[in-house]
Amino acid sequence: MKKKLTLGSVLRFLFLGFFVAISVGPLLWVIMSSFKTNKEILSNAFALPSSWAPVGYKAALEMAPIGTFYKNSIIISVVSTVLNVVVVSMAAYVLARHKFRGNTFIVLLLSMSMLIPTASLLMPIYKIMTALKLLNTRTALILVYAALGLPTSLFLFRSYFQGIPKELEEAAYIDGAGFFRTFFTIVFPLAKPGLATGAILQFLTSWNEFMFALILTSDTSVRTLPLALNYFTSQFSFNYTAMFAALTMVILPSIIVYAVLQEQITSSMVDGAVKG
Amino acid sequence: MKVKRWKLAAFLLPCLLLFALIYLIPLGMVFGSSFFEWKAGGVFNFIGLDNYINAFTNDPRMITALKNTVIWVLMQSTIHVGLGTIIAFMLARKMRGWKVLRTIYMFPNVVSAAALGVIFLNVFNPKYGLINSFISQITGNDFVKNWFFDQNSAFITVTWSWLLYTGMIIIIVLAALLAIPEDVLEAARIDGATEMQLNLQVKLPLIRTTLGTCVIVAATSMLREFELIYLTTQGGPGDLTINLPLYLYKTSMTDNNYGYANMMGVVLIVAGVITVYSINKLFRMNESDY
């Protein structure tokens, strides 16, 4: 069956094409510009670079400790994800499985955090971290990030635990396994798909967060990748090539990881939005 | 199976501690100190509702920030969600390449918002930016416009950086559309429904609660928006593009006017609760059709 070329299909093509252009265009332009010289960047935005030598990348790496930013981002994102998954899954398990007085109250209390625009808590969190002497440490960001994902993780995990048949745990109890062992050796492995969804979302939140990183840290030795960009715009104001190279080094890994893991990431995002 | 209470408590405690540290105590501080004059250097006086009265009668910046925030919430809830939904309906026909398109539309959403801000700062740069070069190329004349810092274009340029990037809405709506059982659609087709009727009268009502979720996601994202403004216009020129989170940041971190900043925090929280509650009502999110 050959489709006819109708006005409708042409319009649809243009409509979808426009959004492709504004989505990919700027990214491709950034990557292309990272190989151009300053002069080439200023003279023609669309011309291809005259050479593909990574001059800008060398300059960017010399001018800013991008490696350190990467290291910090990885440490903070991984630790906050582990912390979030372990701490929230334990609570979600109790809230999903065990009836006790105050259960509903705790669920309601914790779900309150979903309604709060986090910017509103900026100043108290800054004061608390100052009081705990955690200002300008990775620990501060790890704690804040683990909490940012708390409501989403809680609802994802709780509904996942509710879907696991009770019989398996009961069998474990009969075999003499205690409460803690049952959770960590039976329930936790069974809930892996649900936990993975929460972990992916938590990792993305931590990896991309900017505002708390900006206010809670000040030294390059503990700052994360999103802040590196803040640093570039002022540092590299006259070396456009290096700035574009730095930008590319920040965006390209995210895009590649997304392209590779897109099925899992996409379904996690949908689950997180719908259930969370 | 009866589990000892202390074991349950031990499992709940870490989560509750984290919640208390990052949400509950800060929340108490925000509400409590919004009634105080609290500034750097130990100034701490109870002033009742003065912060609130000041904000709404005597602070044009607050009014601008509030107005912009509301405008952006409304635009994001309607135009942003609308565009994403239309694109999702188009992709749901599963024409050739629909998965590739879905991936491409998500790119700007998977890149960190901070990176996106710096990218847009370059794209709209007056000297070498993509947009000015594009216009110059087409018209043949040298086109110079400082998009982010020109009175006439700053607001719309900042808005551009989130309004048209609907990847998140697309994947949520698309997932809901693809989950509609085929027999429902088949029944409608047998009854003689055209493709348009199918979309508007069958599919759209069926994904009502999903659309509600999308509107909540979009609206509340505008109550959080910070980095895309901070990294581009910083709220300027003048106060043209300031919003509540940015003003709150400036008040607490630059002016060290903590009580006043926390008053804004209360306004933001109240705005968040009202937004979510009204969208819930509007889309009858708690009722199911099935």
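Start with both chains shown: chain B and chain A bury about 8,200 Å² between them, and 83% of that is on carbon and sulfur atoms. The model is a predicted one.

**The interface**

Select the residues in contact across the two chains. On chain B there are 83 of them, in contact with 88 residues of chain A. Polar links can be listed next: six residue pairs are in polar contact between chain B and chain A, both partners at pLDDT 80 or more. The rule also finds two salt bridges across this interface. To see one of them, pick Lys99(B) and Glu263(A), whose side chains meet with N to O at 3.7 Å.

Now colour helix H1 of chain B, residues 5–33. With 20 residues, H1 gives the largest share of the side of chain B that touches chain A. Colouring that side by residue class shows 65 nonpolar, eleven polar and seven charged residues.

**The largest nonpolar core**

Move to Phe161(A) and Phe212(A). The largest nonpolar core holds 187 residues, and these two touch the most other members. The largest share of this core, 16 residues, comes from helix H14 of chain A, residues 240–275.

Centre on Phe212(A) and show its surroundings. Leaving out residues up to four places away in sequence, Phe212(A) touches Thr118(A), Leu122(A), Ile125(A), Leu141(A), Val144(A), Tyr145(A), Leu148(A) and Thr217(A).

**Ser206(A)**

Ser206(A) sits in helix H11 of chain A, residues 192–208. Its relative accessible area is 4%, so Ser206(A) counts as buried. Draw a distance from the side chain of Ser206(A) to the backbone oxygen of Gln202(A): the value is 2.9 Å.

**Helix H13 of chain B**

Finish with residues 244–254 of chain B, which form helix H13. Nine of the eleven residues in this helix are buried; among them are Leu244(B), Pro245(B), Tyr247(B), Tyr249(B) and Lys250(B).

What do the buried residues of H13(B) pack against? Show helix H6 (122–131) and helix H12 (211–216) of chain A, then helix H3 (60–91), helix H11 (208–224), helix H12 (227–230) and helix H14 (258–282) of chain B; these are the partners.

After H13(B) comes Asn256(B), which has a positive phi near 50 degrees.

Technical notes
Residues are numbered from 1 along each chain as its sequence is written. Chains are lettered from A and ligands numbered from 1 in the order in which they are written. This is a predicted model: local features need pLDDT of at least 70, side-chain atom pairs count only at pLDDT 80 or more; totals for chains, interfaces and linings use all residues. Side-chain values use heavy atoms; hydrogens and water are left out. Contact means heavy atoms within 4.5 Å. Buried area is the accessible area (1.4 Å probe) that two parts lose on being put together, summed over both. A salt bridge is a side-chain nitrogen of Lys or Arg within 4 Å of a carboxyl oxygen of Asp or Glu. A polar contact is a pair of N or O atoms within 3.5 Å; within protein, one must be able to donate a hydrogen and the other to accept it, and residues adjacent in sequence count only if both atoms are side-chain atoms. Helices (H or I, at least four residues) and strands (E, at least two) are DSSP runs, numbered from the N terminus. Ala, Val, Leu, Ile, Met, Phe, Trp, Tyr, Cys and Pro count as nonpolar, Asp, Glu, Lys and Arg as charged, and the others, Gly among them, as polar. A nonpolar core is a set of buried Ala, Val, Leu, Ile, Met, Phe, Trp, Tyr and Cys residues joined through side-chain atoms within 4.5 Å. Buried means under 20% relative accessible area, exposed over 50%, partly exposed in between (1.4 Å probe, protein chains only).
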